[in-house]
Structures are given as C-alpha cells and as structure tokens.
Amino acid sequence: MIKIEELNSMQRDVLKEIGNIGAGHAATALAQLLRERINMTVPDVSIVPLSRLHEVLGGTEELVVGIYMKVFGDAPSKLIFLFNHQEAVMLVNMVLGTKTEDIATFGDLEESVLREISNIMTGAYLNALAVLTDLNLLPSVPAYACDMSGALLDAALLDGGVIDDYALLIETQFSLTNRQINGHFFLVPEPGALDAILTTLGV
Amino acid sequence: MSTQVYQVGMAEMKVAPAPGRLITLGLGSCVAVCGYDPALKIAGMVHVMLPTNLGKGDFNPAKFGDTAVPLLLEEMERLGAYRRRIWIKIAGGARMFSFSSNDSTTNIGLRNVQSIEDACRNIGITIAAQSVGGTMGRSVYMDIETGDIEVRTINQGIVHL
C-alpha cells in the first residue's frame with residue numbers, strides 16, 4: 001500500500017489535478033446556484049504530520065461551520081467544508097433572501113441550506129472524479145456542526161477510527177468575486193483509496 | 001517576564017516543571033490527558049486521538065489512550081514526579097458530527113474516554129476530574145504553577161477542573 005509520506009512529485013501532481021478538476025465542477029455548481037462569479041485557488045496537496053495539523057487551519061479556535069461527508073465505494077474518502085461563521089451567515093442570506101445577522105439564530109432551515117450547498121458541490125466534485133477515474137464513488141448524507149475549526153477537523157479526520165501519522169489533504173479555497181465569502185474544501189483520501197486512485201490513473 | 005507556553009499538538013506529549021502553561025486547542029473527539037504532581041509542580045499533557053493501537057509494528061504511543069497514560073506517568077517520573085502523588089484530569093472526547101443513524105460504535109470520542117479510564121484503572125489511578133463528551137469543541141489551558149485546568153468552549157463557557 002502506498003504510504004502518504006512517500007508520494008513522489010508526479011503522484012502529488014496527479015492528486016492536485018484531480019482536486020482541480022473536481023473543485024472546478026463544484027465551483028461551477030455553486031456559481032449556478034448563487035448566480036455569482038466564483039473564484040477558486042489551485043488546489044494545495046499537503047502532507048502534514050498530525051502534530052502540525054492545527055497550522056493548516058491558521059487558528060484552531062475560530063468559530064466555523066463544518067459540513068462533513070463520507071465517500072463510500074472504490075476510493076473511501078472524506079470531504080469536509082469549512083466556512084467562517086460570518087461568511088456562512090452571508091451565504092445563507094444570499095440563498096434565502098433573509099437578513100440573519102448571527103449564526104446563533106440558525107435553525108433547521110439555515111443548516112439545511114448549508115448542507116444542501118455542500119451536497120450539490122460534493123455531487124459535482126465526485127461526479128467529475130468518477131468520470132475521470134472510472135471509480136465508483138458515493139457520498140453519505142452531509143453532517144452539520146458549528147464549533148471550533150480544530151475540533152471539527154479532528155473529529156472528521158478521526159471518524160472511522162484509523163489514521164496514519166500523516167494526513168493527506170487536498171484543499172481548495174473558493175471565494176465569491178463580489179463578496180467576502182471564502183470556503184475551505186478538503187478531500188481526504190483514506191489510506192487504501194490512494195492506491196485505487198493512483199492505480200486507475202496509471203501512476 | 002513572559003510565561004513559557006508549551007503547545008501540545010495532536011498525538012503529542014509534553015511534560016514540564018513550573019512555571020509555564022501547557023495548552024492544547026480545538027479538541028473534538030480527541031482527549032487531553034493532564035497529569036500533575038502538586039508537591040513538585042510537575043505537569044504533563046498528552047493529546048490522545050484514538051482509543052487503542054490496532055497492532056501496527058512501529059507506532060507513536062502518545063496517539064492512543066491505552067498507551068498514552070502509562071507513557072505520561074513514566075515521563076513525569078523522569079522529571080522527578082512521584083507516582084502516588086500524581087492526579088489525572090481529562091477533557092475532550094466530544095462527538096462533533098452525527099449522521100442520522102446513531103451508531104455508538106462509531107463514537108470515537110466516547111471510546112477514547114473509555115480507553116483512558118481503563119488505562120488509569122489498570123495503573124491504579126482514579127481520574128480526579130473531567131469534562132468529556134457532549135457535542136462541543138474544547139480548548140485546554142493548564143497552569144503548571146497551580147495545577148489549575150481551564151477548559152474553554154464556544155457555547156458552554158469556561159469550566160475549571
């Protein structure tokens with residue numbers, strides 16, 4: 001089995017390209033949903049020792065909304081969306097046409113909007129990946145939480161009960177051109193999934 | 001004089017004598033295990049990620065509840081702490097995300113706490129205080145001078161252990 005910390009630069013490039021194609025489709029889906037222009041960064045493939053995972057997020061105590069989905073099928077993985085709490089409020093207001101100011105007043109409807117946005121983006125992301133790799137990929141329903149960014153990331157990474165000493169994160173950032181809304185999107189392949197993805201692409 | 005701050009990352013352990021602070025930020029299902037010898041003011045903290053090691057040859061004992069507790073005591077003893085005086089307090093082990101199907105076998109936070117309780121029982125140390133479970137993230141700040149542990153959350157305020 002391929003070890004995360006031993007990936008060569010070619011394999012990393014392939015993962016970056018996969019992230020790029022998947023995120024491109026996800027961004028398009030979001031743009032159509034919101035009828036706004038969306039920018040996205042070139043994905044960052046990072047291989048982080050667990051003890052330094054908190055540095056990836058910048059701060060670990062920031063209040064964020066996290067949406068977490070498991071991916072089943074040929075390449076088991078995890079997908080995690082993180083939105084800063086104020087930006088999550090803006091996103092919900094854009095979709096619902098409301099003027100909510102504080103995330104503390106979020107109810108089922110607002111949570112559901114964020115779940116659904118993540119669901120639509122995930123669908124686009126996985127579909128692009130499935131077409132490219134010919135792998136069968138099925139997302140779970142989205143789970144929602146609003147708390148410290150570090151706590152959400154660790155809970156999602158540890159769900160399932162196994163983790164290597166390194167975490168492989170394929171991260172893309174989205175932003176809306178005309179507004180201050182940024183989202184972080186992480187694809188985290190589980191150890192065996194890496195073999196499936198790289199083998200099917202011949203690297 | 002600025003106080004020495006030791007930040008404990010995931011699957012890390014730090015032990016230190018006073019003065020100073022041991023901190024770990026943004027715990028979800030992870031658990032911070034804090035040990036303290038009040039007479040000598042020696043403290044230690046481990047950031048446990050998973051309950052038990054599932055038998056890979058070489059591994060980091062600080063990562064797993066069952067191996068982290070004995071490791072913490074050994075490292076504190078190395079600094080001169082006396083085992084029978086050491087108390088242990090724990091924080092973390094929340095369940096941040098839940099899918100509609102409520103399957104307790106996938107609750108890693110709970111299993112982490114149980115593995116730490118078992119490890120303490122095997123060694124013969126009772127857990128003096130704890131702030132565990134629930135659905136909120138926690139940050140833990142331990143003052144080595146006094147042994148005071150402050151557990152901060154976003155929605156549930158601050159508790160001292």
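Modeller: In chain B, β1(B) and strand β3 (residues 21-27) are parallel partners, joined over three bridges. Strands (E, at least two residues) and helices (H or I, at least four) are DSSP runs numbered from the N terminus, and two strands pair if DSSP finds at least two bridges between them. This is a predicted model, in which local features need pLDDT of at least 70, side-chain atom pairs count only at pLDDT 80 or more, and totals for chains, interfaces and linings use all residues. Residues are numbered from 1 along each chain as its sequence is written, while chains are lettered from A and ligands numbered from 1 in the order in which they are written.

Colleague: Which residue stands opposite Gln7(B) in β3(B)?

Modeller: Strands of a sheet pair through backbone hydrogen bonds, either parallel or antiparallel. Here Ile23(B) is the residue opposite Gln7(B).

Colleague: What is the order of the strands in the open sheet that holds β1 of chain B?

Modeller: The order is β1-β3-β8-β9-β10, five strands with mixed pairing. Its edge strands, β1 (5-7) and β10 (158-160) of chain B, each pair on one side only. From one strand to the next the twist averages 20 degrees; angles run from 0 to 180 degrees between N-to-C directions, and axes are lines fitted to C-alpha atoms, for helices over the stretch in contact.

Colleague: What is the order of the open sheet that includes β2 of chain B?

Modeller: That sheet has five strands in the order β2-β5-β4-β6-β7, and its pairing is mixed. Within it, β4 (residues 31-37) and β6 (residues 87-92) of chain B run antiparallel and are joined by six bridges; Gly35(B) has Ile88(B) as its bridge partner in β6(B). Helix α2 (residues 108-123) of chain B lies across β4, β5 (42-48), β6 and β7, at about 30 degrees to β4(B).

Colleague: How many helices and strands does chain B have?

Modeller: Chain B has two helices and 10 strands. Its radius of gyration (taken over C-alpha atoms; the globule rule is 2.2 Å times the number of residues to the power 0.38) is 15 Å, close to the 15 Å that the rule gives for 161 residues, so chain B is as compact as a globular protein of that length.

Colleague: At what angle do α1 and α4 of chain A pack?

Modeller: Two packed helices are described by the angle between their axes and the distance between the axes. Helix α1 (residues 9-34) and helix α4 (residues 108-133) of chain A pack at about 140 degrees, with axes 8 Å apart. They are therefore oblique to each other (under 35 degrees counts as roughly parallel, over 145 as roughly antiparallel, 65 to 115 as roughly perpendicular and the rest as oblique). By class, their contact has 15 nonpolar, four polar and no charged residues (Ala, Val, Leu, Ile, Met, Phe, Trp, Tyr, Cys and Pro count as nonpolar, Asp, Glu, Lys and Arg as charged, and the others, Gly among them, as polar).

Colleague: How many residues of chain A are in contact with chain B?

Modeller: 27 residues of chain A are in contact with 25 residues of chain B, contact being C-beta atoms, placed from the backbone, within 7 Å. The largest share of the chain A side, eight residues, comes from α5(A).

Technical notes: Contact = placed C-beta atoms within 7 Å.
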